[in-house]
Amino acid sequence: MQLEARARAAISQALQELGMVCPEPLPVERTRPEFGDISSRVAFVLARELGGSPQEVASKIAGALAGHPELAEAAAVGGFVNLRFAPHALHRLLKEILQAGEEYGRRDLGRGRSLQVEFVSSNPTGPLTVGHGRQAALGDVLANLFQALGWQVTREYYLNDEGRQIDLLAQSLWARYRQALGAETPLPEGGYQGDYLIPIGEELAEKWGDRYPSWDAGAKEAFRREAVGRMLRLIQEDLEAFGVSFDVWTREGDLHRRGLVRETFEALRERGAVYEREGAFWMRSKEHGLARDPVLIRSDGTPTYLMVDIAYHVDKFRRGFARVIDVQGADHAEEQQQVKLALRILGYPDDFLHYCVHQFVTLKGRAGVEKMSTRAGRFIRLGDLISELGRDVVRYFMVRRKPESHLTFDYELAKKTSMENPVYYVQYAHTRIASIFREAGESARRDALGVTEADLSFLTDPEELALIKELDRFPDVILQASEFSPHLLCEYLEGVAGLFHPYYSRVRILGQGEATLARLALLSGIQLVLRRGLSLLGVSAPEEM
RNA sequence: GCGCCCGUAGCUCAGGGGACAGAGCGCUGGCCUCCGGAGCCAGAGGUCGCAGGUUCAAAUCCUGCCGGGCGUACCA
């Protein structure tokens, strides 16, 4: 990132000397090694305004850049202005990275504003599945990234502990309970067929005996509470195993009790956004370009999920969040449009709510089911996957693809402990460096970290310079990854490791006189970035493997 | 039918106006006296789904078509 900043400074100074206007923003980007470090298409922009060919303009700029102390080369090629930095300029970058230490990559773009990330929010009708795993990893990593960018982040889980699905769950559990007592009670139609309710039913049969022979109000209440409590515990166990913890759990029931759902509905009605038909209340969405008008209040007077969701977002706004990110599956796309529309009608700012939408996960190479469904009892538990592969691997694989792409989870690859597995490839780079520092001894480590001791001018190898340039990208990668693209962080870390491993195997670090200290400083920087990056992913950076 | 997302190397996927299109796996051929070989090096492999259009410049933007996923509930 500093590289871009320095390039901009140099070019804008050159433009000033030439009496040219500096375009805002000044276009600058990393380029392939043949062209140098940084390339700018500024001449294309200026040529359009000033006349003349881009190449002519570029030549003038390159001429004015000649002799710049930080640059080894400035050239005009095909209208581009290409810059190559002098090694000493790169050495300074490394020094700054090491001085920043654990703070490297942190920024204050959020300026302490509060941000809520709501994710998982799985209904407590069963254990978490691999699909929820993607969401859990995605939400947690996004939260980490925004924290690093200076936001005050709240991780929130919305617990849907009311409604028909919960009733169905309760009744399914009651049926299992009756079955445990020897009755032939069938599961309710559309009920939850998974095996996971069987042992709970047996346990309740033992505890309660024949206390609930029929599905009456008393049974409903008892089994609902029991079912939600049990399922919640299952979910929390899996989340804990996955290393995800939430700051706030919001229950649907709370929103009702506080009258917020009713109030929000009335507000929508006052604004003319609601009409009544066939005994139900509908939202006027079609006239705003959406595909259909959804029901807000059913003809039996109960609010739909959408209605409650709208109220929930009003609540989020009132709680003072400057920004809210909801991580949701692609199957909620229409719902999202409706909530956004409702918030717009109610007068809330458009940039308040952001949806991070992700596609589904297919698990490849493991015995199990293809098409999952909690209700039908066809699913693979996230907890099983974690105990088979480890938290690090599952988390890493879950965020390695961009959210809007379908994720094929390659179980065979995930199971490998060789460097073919990208997680280990990255972790192993970290471990190798740790090993070198163990070998070098504590004093060398301190000297390398106390960069004043190391004479970085010994770092002249192109691979060494390339590594420094790559480390310099880290802050920018965090920003890009935060734009709902955490996969870019994985790609980046694999790139850093991919530069380090070959370098390590070719260049000897220890016992090289003064060069050793400089190389240890470089390794220290690499290790720092790997550790920080992995930590943002919630993946461990082991000293030994 | 309509709406949203996705079609890039054999496979899994990056890149989403700029300079000859990238990575990992797989494949072919090399390299283990040396800081962790849980590796390293080299190579082969692509009409960026198809057809138009915008632009000095398109894998990238626009339109149409084809193929796949999801949605299109008074479920959540």
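**Reading the model**

Mentor: Helix 18 passes helix 21 in a left-handed crossing. Please bear in mind throughout that the model is predicted.

Trainee: At what angle do the axes of helix 18 and helix 21 cross, and within what distance do they come?

Mentor: The axes of helix 18, residues 462–471, and helix 21, residues 514–537, cross at roughly 35° and come within 10 Å. On the side of helix 18 the contact involves Glu464, Leu467, Ile468 and Leu471, while helix 21 contributes Arg519, Leu522, Gly525, Ile526 and Val529.

Trainee: How should I read a nonpolar core, and which residues have the most contacts inside the largest one?

Mentor: The general idea is that in soluble globular proteins nonpolar side chains tend to be buried together. Here the largest nonpolar core has 119 residues, and Leu489 and Ile526 are those with the most contacts inside it. Helix 21 supplies the largest share of this core, with twelve residues. Because both domain 1 (2–85) and domain 2 (419–537) give residues to the core, it lies between them.

Trainee: Which residues does isoleucine 526 contact, leaving aside neighbours within four places in sequence?

Mentor: Isoleucine 526 is in contact with Ile433, Leu467, Leu471, Val496 and Phe500. Of these, Leu467 and Leu471 also belong to the contact that helix 18 makes with helix 21. There is also a second, separate core of 32 residues, which includes Tyr158, Val261, Val339 and Leu341.

Trainee: How far apart do the C-alpha centres of domain 1 and domain 2 lie?

Mentor: Those two centres are 30 Å apart. For the chain as a whole, the C-alpha trace of chain A spans about 90 × 60 × 35 Å along its principal axes. Chain A contains 21 helices and 14 strands. Of its 545 residues, 52% are buried. Among contacts in chain A with a separation of 6 or more, 72% are between residues 24 or more positions apart.

Trainee: Let us turn to the backbone. What should I look for in phi and in the peptide bonds?

Mentor: Most residues other than glycine have a negative phi, and most peptide bonds are trans. In this model a cis peptide bond, with omega about -5°, joins glutamate 24 and proline 25. Proline 25 is placed in the loop between helix 1 (2–18) and strand 1 (29–30).

Arginine 111 has a positive phi, near 45°, and is found in the loop between helix 4 (87–100) and strand 5 (114–118). Phenylalanine 484 likewise has a positive phi, near 55°, and lies in the loop between helix 19 (474–482) and helix 20 (487–506).

Trainee: Does arginine 111 count as buried or exposed?

Mentor: The cut-off for exposed is over 50% relative accessible area. Arginine 111 has 58% relative accessibility, so it counts as exposed.

Trainee: And is threonine 304 buried or exposed?

Mentor: Buried means under 20% relative accessible area. Threonine 304 has a value of 10%, and is therefore buried. This residue sits in the loop between strand 10 (295–297) and helix 11 (305–318). Not counting residues up to four places away in sequence, threonine 304 touches Val295, Leu296 and Arg298.

How values were computed. Residues are numbered from 1 along each chain as its sequence is written. Chains are lettered from A and ligands numbered from 1 in the order in which they are written. This is a predicted model: local features need pLDDT of at least 70, side-chain atom pairs count only at pLDDT 80 or more; totals for chains, interfaces and linings use all residues. Side-chain values use heavy atoms; hydrogens and water are left out. Axes are lines fitted to C-alpha atoms, for helices over the stretch in contact, and angles run from 0 to 180 degrees between N-to-C directions. Helices (H or I, at least four residues) and strands (E, at least two) are DSSP runs, numbered from the N terminus. A crossing is left-handed if the near helix is turned anticlockwise from the far one by less than a right angle, and right-handed if clockwise. Contact means heavy atoms within 4.5 Å. A nonpolar core is a set of buried Ala, Val, Leu, Ile, Met, Phe, Trp, Tyr and Cys residues joined through side-chain atoms within 4.5 Å. Buried means under 20% relative accessible area, exposed over 50%, partly exposed in between (1.4 Å probe, protein chains only). Domain bounds come from an automatic or database domain assignment.
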